[in-house]
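Please look over the model below before reading the notes.

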Amino acid sequence: MRWSRTLIDTLKENPAEAEIVSHQLLMRGGFIRKVAAGIYDYLPLGRRVLLKLEAIVREEMDRAGALEVLLPILSPAELWQESGRWEKYGAELFRIRDRHDREFALGPTHEEVITDLVRKTVKSYRQLPVNLYQMHTKFRDEVRPRFGLMRCREFIMKDAYSFDRDEVGAEKSYQIMFETYQRIFKRCGLRFKAVEADSGAIGGSFSSEFMVLAETGEEGIATCPACSYAANTEKAQGALPDPSQAEAALKPRELVATPGKHTVEEVAAFLNVTPRQLAKTMLYDADGQVVAAIIRGDREINEVKLKNALNAVNLVLASPEQIKAATGAPVGFAGPFGLQGVTQVLMDDSLQGAVNLVTGGNQADMHAVNVTPGRDFTPTRVLDLRLTRAGDLCPRCGKPLDLERGIEVGHVFKLGLKYSEAMHAAFLDEAGQEKLCVMGCYGIGVSRIAAAAIEQNYDEFGIKWPLALAPYAVVLLPVAPKDPAAMAMAEDVYAELQAAGVDVLLDDREERAGVKFKDADLIGFPLRLTFGKSVAENLIELKHRSTGQVEMVPRSEVVAKIKALIQAGI
Ligand SMILES: [Zn+2]
């Protein structure tokens, strides 16, 4: 492709709304343009990246024996009602009405639609196992769409669903997909990790996430350097390295004035205790009920664990009005005793055995001292509600855990009978007995991988695409288009590379060299061939974008050299 014939619109400045690197560089490099919040156009460069991704995913899914289908984006409410998710999915499900007032969902995932298809088409054990997948646009009504392709309202996913005769078969299907995902992310040139995860709105018994490792990742990953344990911090069950102990005799509870002291650190310093001696009382609205979650002052509540423990659909912090009604005090002074209208009091096990704690006093500018669980308040349940952090102990081997950051790009679930039972997806076994299909489901955020690849591979000048995902593998850059010798050599090399099947872009613009170099670095082509003064000596400069390595290559060797680099995956 010639630069002058494609539509590449690079920007000099970062768009104001772009908060993270991948969003900035996708906009500046001319890959995407915003249409509305969380909704984007993919320009030719962006589309090429997506097509490369889709090709890798498709090849590996096909290799694994999965069959490609195409399911509708619009799905009738009745299917979602059958599974119970019309109510349970919450506000993220886009819902629309047709002219006859019938309700539909814009699919965020397709368990209901595929289960409906399978119950209508699969009759016999002979048709199983079957794994059906599609590559399609998905919708999610995000509270706050942001971060470009990382958290959109409309995005491209590969979703796959396996149906097996029994648990043993389902386990095998899951393992095949697990291995397929490893091959896919490896081929994309990404550094990634498979971790144990929470199953969230999809449900099911067990799931693993595939995380692209990046400092900017939204997800925390707890990993054990000593064994293979790795889990999303939402799910990780790190044991406390420093459990609470009853070190002192119980003292009577008292209220003390703590004017102007709000944070754990301020209150601890004022009362001359450590943050560990404090207990935070957090009030939440769980599906309309006010509940309390109590945790040691030096730890944080993990809202995913709390939501799962409560089996809640929607969990949000309680409103100031709800807090006032429950504690009699304004926000910031809640304590665990004497709460009104609170249906459950859940206590993190970091407070197991703790005595003489400092808590909110349920009065403005007051805290309580010498509060002891069991005496001053009775937890409904004591369980692990914490965010795991570095130094917590591995649940498998007891060694301290490390913490990394990652971006979720894939998720594989063991669903079991959740959907086949609710929607009656059954088949006849060898003995003519009716049995339910055992299901698994497997997603890959195709458009999100593009963003994740950038978060993992960039520098101050722009993107460093992994070869497999780059819109073009090589850019040819004649420094002076008016120099006939340089231009002629660039044209010849362009034709030869094209004939060799290499993805090549010829920057034939009549632009200053500085502009061309900047654009090439910004867009992030893995290889750049510069046709400058050394053309007179039959030499072409080859630069690797990822390492910055530069070498002079004789004209006669350049095509073979590029082909060899691409063959080797660079
Ligand atoms: Zn371990």
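Which residue in β21 is the bridge partner of Glu 209?

1. The bridge partner of Glu 209 in β21 is His 411. This is a predicted model, where local features need pLDDT of at least 70 and side-chain atom pairs count only at pLDDT 80 or more, while totals for chains, interfaces and linings use all residues. Residue numbers start from 1 along each chain, following the sequence as written.

2. Strand β10 (residues 206-213) runs antiparallel to strand β21 (residues 402-416), with eight bridges between them. Strands pair if DSSP finds at least two bridges between them.

3. β21 has another antiparallel partner in strand β11 (residues 219-223), through five bridges. Here Ala 222 has Leu 403 of β21 as its bridge partner.

4. Strand β24 (residues 438-445) also pairs with β21 in the antiparallel sense, over six bridges. His 411 stands opposite Gly 443 in β24, and His 411 is also the bridge partner of Glu 209.

5. Over the chain, the secondary structure comes to 14 helices and 31 strands. Helices (H or I, at least four residues) and strands (E, at least two) are DSSP runs, numbered from the N terminus.

6. The C-alpha atoms fill a box of roughly 90 × 70 × 55 Å along the principal axes. Of the 570 residues in the chain, 42% are buried (20 or more other C-beta atoms within 10 Å of the residue's own, with C-beta atoms placed from the backbone).

7. Among contacts with a separation of 6 or more, 72% join residues 24 or more positions apart. A contact means that the two C-beta atoms, placed from the backbone, lie within 7 Å.

How values were computed:
Buried ≥ 20, exposed ≤ 12 C-beta atoms within 10 Å, placed from the backbone.
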